[in-house]
Amino acid sequence: MGAGHDHHHHELEPVDGSWRDEADDRPLSVARRRFLTGMGVAAAATAVGAGTAAADQTPRNQWNSGDRWYAGDHHIHTKYSPDAQYEVATQVANARRYGLDWVVITDHGGVAHQKFSIDQVAPDIEAARRQFRDTLVYQGLEWNIPGAEHATVFLPPGRHTVDILRAFEAAYDGGVLSTPVAQGGLGKIQRATSADGEPYALAALRYLDAQVFAGRAEIALMLANHPARRGVDSPHELRGWRDTAPDVAIGMEGAPGHQASAITEANGGRGDGRGFYEASPGVDSFPGYAPTAIENPYRTYGGFDWMTAKVGGVWDSLLAEGRPWTITATSDSHQVFGDTFAPGTQDHATTGSRGAPIDSGVVQQYGDYWPGQYSSTLVGARSRSYVDIMRGLRAGKVVAVHGRLIDGLELRVRARSDGDTRGVSIGGRTFVRRGTDVEVTIEVTLASRANFGGFVPKLAKVDLIAGAVTGPSADRDAMTAPGTAVVETFAVPAGARGKIRFTHVFPRVDRAFYLRLRGSDGKQLDAAGNPLMDVPGDDDPWSDLWFYANPVFVDVI
Amino acid sequence: MVRWLGAVCPPVDGSAAHVDHVLLSTVDILAADLVCTHADHTGAVARTVMTARLNHEPTAAVLAELADRLGLPAVWVAGPPEGARCVRFPGQEALTGVHSAAEIVAASAIDEVVGIGVAVDSPIDTRGFLRPTFTEGRLVLLVEQAAGGVLRPVEIAAPHQCCGGH
């Protein structure tokens, strides 16, 4: 792990991860900030240039940087969503109970949320921060991306955070944009998901970028949620977000929430599609995602979104361009499996809240888990601070894990014959001479304790996946990376305990490539070792556990 | 003589099943035996287009009434495009329960039942909702594994709607 991506900002940050002087709002100071930030932005822009003759060949995310892993969840709902029910404090208390260090509160955007909910959730979040001092609680939004699916948008706490979120939602939420003026919306696009919204999505991301540029926020991030669920996140939209604001639009849920939704009705579940992935193409869906005899993009595979789960699929087609796109795992917690609470009786449309939930005394049929109960997004960060966790996410130091399948993961990629003894880690980028050997060392800390399904999960295998970096795709709707494949599968011996180490060498590399890891409990695999399409209404999420680690890019110079 | 009539559908909110119901009510005066929908992506905003198969020549009065209901006139088209989704087809009414693939093909206009990564030798629980699609000129019903050892169509009547389906 390392803080390489942050390198460009170091000289701008005299104290404590922040160069921004809250007390100093003099125009001169603003101009100076803009100048300094501009330098940072320019440097970052060259850094993401797909490694094609980039001037900056500083390794990013260097191994053994002293970073630590912090588990979190960037997708959590409360009673301020029309389809959810819990108090903020209840969600945070459960996140803490299930081992999370950071959470993002992301109620659905829309007219009522923008007008009524923001002012209510902000003080609740502040109260939760005071009540749970060891848990970072971010204020965010589940943005209806105009023309597409939902996304998490969030910022670290700051003087302007709520104002930025409020203005962002008022101008750019797909629900607000598509709601007629007479009903309090903007009436500018036909539907939240219709293609006339796409330019608004890009403008929205530029707006967030500008807030950081202007010094009103330290950092702002966007992650696309449940990207393949309804087929409305086309490949060109994903590329458009990433390329418009690469420091803001950083990735997507590799695994959606609602992981309890496919538990059979006999076992108290809803018997729906896992992740509530059970849709089929609609009018705004990307035609290329239509189900075929071979696959159904509208379903999860091993609990992960098809874009991520398919080797050589959409995620790989983005990575093959040489640009990071980070995947996560979240709870999307609205209503929790096995819980007896039902929504309050308040009218959300007119008050922005459903009111306090009511204990019905009867177990309800719900499809979600508490934050951290099943899904974790592990982020490598320099410290347990709001800005550092977000920087870790932006740097791609991220592992998505289900059911606590592993306790830890170290990945080290280096070219020792090139004189690089240190190497880079997850989410990183290294630069090696043509013809050198690239050595990959994987160290997995196997699960040593019971997960929240009540058993110690057993990792069966780790796949090392790699593919050529082929540069920016001429076809913005490209959705495959034919050159990406599993290059080696490491079996975990039965009875293995503690740490287990695997190595692989890419000999005499002659062109840029990337590599990534995934691991499985091995219980539901096809003949090629890939995850199976999850069966609606008949899927025990605890007997189909996976982890996915974000890529390392190897540039050849 | 078989002809196909095409028209842009007026926007309707709600589940696919509800939208289909509204469409079929709108075109009931045509007495079409096969009605399809597809997404037309040629404009800035996608829209749903209907194609209806007629085995007779509709009267001018019927066409005028249809134009009135749709808000614009229908036009004669070559047929539904690849991937069009079939909302009504011959034999549909008889297939409301659990049937084998052979029964479905024998009893309806569906030419083939195709499993996604699964053989179609288990019974298919239609749940009274079948939306086959035109694939290379043939009407194909895609099915997938479901709970309880049965298969089910990949399109279901009421998929879970998050946040009111925003």
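**View 1. Packing of helices α4 and α5 of chain A in the predicted model.** The axes of α4 (residues 111-131) and α5 (residues 161-172) of chain A come within 10 Å and cross at roughly 160°; axes are lines fitted to C-alpha atoms over the stretch in contact, with angles from 0 to 180 degrees between N-to-C directions. α4(A) is therefore roughly antiparallel to α5(A) (an angle over 145 degrees). α4(A) passes α5(A) in a right-handed crossing (the near helix is turned clockwise from the far one by less than a right angle). A:H113, A:Q114, A:I118 and A:A122 of α4(A) meet A:V162, A:L165, A:R166, A:E169 and A:A170 of α5(A); contact requires C-beta atoms, placed from the backbone, within 7 Å. Helices (H or I, at least four residues) and strands (E, at least two) are DSSP runs, numbered from the N terminus.

**View 2. The contact between chain B and chain A.** Chain B contributes 25 residues and chain A 32 residues. On the chain B side, β3 (47-54) and β10 (138-145) are the elements giving two or more residues, and β10(B) supplies the largest share, 3 residues.

**View 3. The two domains of chain B.** Domain 1 (3-88) and domain 2 (92-153) of chain B come from an automatic or database domain assignment. Their C-alpha centres lie 24 Å apart, and the contact takes 11 residues from domain 1 and 9 residues from domain 2. On the domain 1 side, β5(B) gives the most, with 4 residues.

Residues are numbered from 1 along each chain as its sequence is written, and chains are lettered from A in the order in which they are written. In this predicted model, local features need pLDDT of at least 70 and side-chain atom pairs count only at pLDDT 80 or more, whereas totals for chains, interfaces and linings use all residues.

Methods. Parallel < 35°, antiparallel > 145°, perpendicular 65-115°, else oblique. Contact = placed C-beta atoms within 7 Å.
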